[in-house]
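Dear colleague,

Please find below the structure for your review. My notes on it follow directly after.

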Amino acid sequence: MPDAVVIGAGVNGLVAANLLADDGWSVEVLEEQSEPGGAVRHDRGVHPDYVNDVFSSFYPLAAASPVLAGLHLERHGLSWSHAPRVLAHPLSDGRCAVLSRDLDETAASLDAFGPADGESWRELHRVWDRLGDDIIDALFTPFPPLRAVARLAVRVRGAGGLRLARSMVLPVRRLGEEEFEGEGGRLLLAGNALHADLAPEAAGSGGFGWLMSMLGQTYGFPVPVGGSGALTQALVSRLRERGAVLRCGERVAGIVVRGGRAVGVRTAAGEGVRASRAVLADVSVPALYGGLVDESHLPDRLLDDLRRFQWDFATFKVDWALTGPVPWTAPAASSAGTVHLADGVDELTRFAAQVAMRQVPDRPFTLFGQMTTSDPTRSPGGTESAWAYTHVPHEVRGDAGDDGLTGSWDEREQEAMADRVEAQVERFAPGFRALVRARRILAPPTLQSLDANLHGGAINGGTTAMHQQLVFRPIPGTGRPETPVKGLYLASAAAHPGGGVHGAPGANAARAALRGRFPDGLSGLQRALTRRDRKGDRS
């Protein structure tokens with residue numbers, strides 16, 4: 001009998017398993033899919049000569065993560081590669097905002113939009129220089145990160161205090177307007193905010209856009225050499241070296257609870273796998289509560305709050321094998337790993353509003369990845385392995401375009417939406433379609449079928465909006481990996497600090513299990529929640 005069973009072999013599950021094994025625990029990891037990795041996998045499914053990342057590709061949070069750094073995955077074959085430039089945001093008039101790891105190059109790019117905008121970017125970067133290390137520490141440690149926040153509070157006072165705090169909660173549109181005269185800096189901030197489901201007018205989108213921009217400025221948007229799955233392979237290699245067991249093709253159908261404690265799992269094949277000390281679940285919140293764990297073991301208030309849980313946007317992705325480099329009208333975009341495609345902040349707002357109104361956008365904001373530019377091993381010389389993704393509503397009520405898309409995502413709708421994405425690329429790279437040697441479409445149901453955590457293609461484990469962060473993530477009164485079931489820990493992106501490839505939710509869950517901090521498996525807030533339920537308070 002293993003000490004711990006980990007459900008799910010995504011990055012968070014693998015990080016949790018590694019940390020438990022480091023402490024001498026015996027660990028068994030059960031993964032539903034035929035291979036590990038979750039949303040960190042690559043293949044040659046588009047064309048045999050091209051490596052395409054099936055899901056995620058660029059990993060600034062991994063580069064910044066002290067969790068992954070502490071695992072020393074370079075000893076297990078992981079190496080990183082960078083495109084010459086981090087990110088580009090071209091406009092239809094040929095101008096282009098560029099984010100580079102070279103601060104001078106980024107500033108010069110923005111000066112072309114406004115004569116003082118380069119200096120404004122430098123000032124934002126000076127704030128990051130003062131606060132960045134403590135922000136990273138606070139982000140990647142269990143909630144509440146008391147020591148990191150205490151250090152951060154001291155530094156924030158010296159960096160402008162309430163004025164800075166105000167800037168971080170601003171909508172990114174307003175932050176851009178306050179900081180930059182021209183559109184270049186505004187585009188970099190707003191485009192990066194929409195890596196999550198944060199519209200330009202959303203509270204807190206300014207802070208998130210600034211964080212992602214500064215991560216890119218400092219760490220770049222690196223990619224694993226050979227494909228995203230190289231990160232997974234390194235985690236698996238390290239785990240197996242420590243004697244842990246990984247079993248793929250084993251879907252967990254339920255968590256066995258006895259006397260209020262998780263004592264193991266039951267697979268879809270009917271096998272019982274016992275755990276003597278803990279069960280860690282790298283699964284979505286709706287899949288865990290009322291799914292794997294029967295509702296009878298959960299407080300009524302938790303179940304009521306779960307009905308208010310909000311997913312992030314659904315995702316539609318297209319992968320390509322291209323016969324040549326993308327013919328961008330803005331030359332600077334050719335050397336960027338990531339390219340944002342929207343003709344200004346207003347178009348970003350229009351896109352986000354259409355998704356909010358549950359319409360399929362007619363001009364979808366598109367994140368475009370140039371993978372061979374980022375890592376030359378991905379395809380033959382002179383070609384490009386590429387992808388693009390955009391967001392769509394989970395529940396489609398209308399089509400802002402002319403194709404009558406309903407969200408059924410049948411073959412006709414998939415092809416029509418892929419054509420729409422290609423048309424968006426063509427606006428900024430005329431002749432793009434002539435380069436397409438092969439393409440693969442990953443509609444929301446397809447993404448979910450390949451990774452059950454990606455509900456409808458939601459890639460962040462739940463919305464990044466302020467009402468579902470920190471103590472509100474995944475539901476009010478939690479914020480930590482402990483659950484109301486003793487010995488059961490939430491180890492997925494649904495837990496603080498949320499989505500992205502950095503391993504922090506898995507690490508937090510492993511540390512909680514090792515610590516056994518609360519004898520009954522509940523945090524203080526969860527204890528209060530359960531007490532209220534016992535008193536019959538259902539308000």
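Two residues are said to be in contact, or to touch, when they have heavy atoms within 4.5 Å of each other. The model is a predicted one, in which local features need pLDDT of at least 70 and side-chain atom pairs count only at pLDDT 80 or more, while totals for chains, interfaces and linings use all residues. Residues are numbered from 1 along each chain as its sequence is written, and side-chain values use heavy atoms, with hydrogens and water left out.

**Nonpolar cores**

Not counting residues up to four places away in sequence, Phe365 touches Gly191, Leu194, His340, Leu341, Ala342, Leu348, Phe351, Tyr389 and Thr390. Phe365 is also among the residues with the most contacts inside the largest nonpolar core, together with Trp121, Trp128, Leu188, Leu189, Trp210 and Leu215. A nonpolar core is here a set of buried Ala, Val, Leu, Ile, Met, Phe, Trp, Tyr and Cys residues joined through side-chain atoms within 4.5 Å; buried means under 20% relative accessible area, exposed over 50%, and partly exposed in between, with a 1.4 Å probe and protein chains only. This core has 48 residues, and helix 5 (residues 117-139) supplies the largest share of them, seven residues. Helices (H or I, at least four residues) and strands (E, at least two) are DSSP runs, numbered from the N terminus. Another core, of 40 residues, lies apart from the largest one and includes Leu14, Val29, Ala62 and Ala510.

Ser213 belongs to helix 10 (residues 205-219) and is buried, at 0% relative accessibility. With residues up to four places away in sequence left aside, Ser213 touches Leu99, Trp121, Leu188, Leu189 and Asn192.

Leu175, in helix 8, is buried as well, with a relative accessible area of 2%. Under the same exclusion of residues up to four places away in sequence, Leu175 touches Ser167, Leu170, Leu189 and Gly206. Leu175 and Ser205 are 30 residues apart along the chain, and their C-alpha atoms are separated by 8.9 Å.

**Salt bridges**

A salt bridge is counted when a side-chain nitrogen of Lys or Arg is within 4 Å of a carboxyl oxygen of Asp or Glu. The count by this rule is 38. One of them joins Glu28 and Arg247, with the closest N and O atoms 2.6 Å apart. This pair links distant parts of the chain, as Glu28 is in strand 2 (residues 27-31) and Arg247 in strand 9 (residues 245-248), 219 residues apart. Glu28 is buried at 12% relative accessibility, and Arg247 is buried at 19%.

Glu177 and Arg174 form another salt bridge, their closest N and O atoms being 3.5 Å apart. Because these two are three residues apart in helix 8 (residues 172-179), about one helical turn separates them. Glu177 is partly exposed at 34% relative accessible area, and Arg174 is partly exposed at 41%.

**Second largest pocket**

On a 1 Å grid over the protein atoms alone, a pocket is an open set of points where a 1.4 Å probe fits, with protein on both sides within 12 Å along at least five of seven lines; lining residues have an atom within 4 Å of a point. The second largest pocket is lined by 19 residues, of which Gln310, Trp311, Phe313, Val355 and Ala356 are the closest to its centre. Helix 14 (residues 345-356) contributes the largest share of the lining, three residues.

Kind regards
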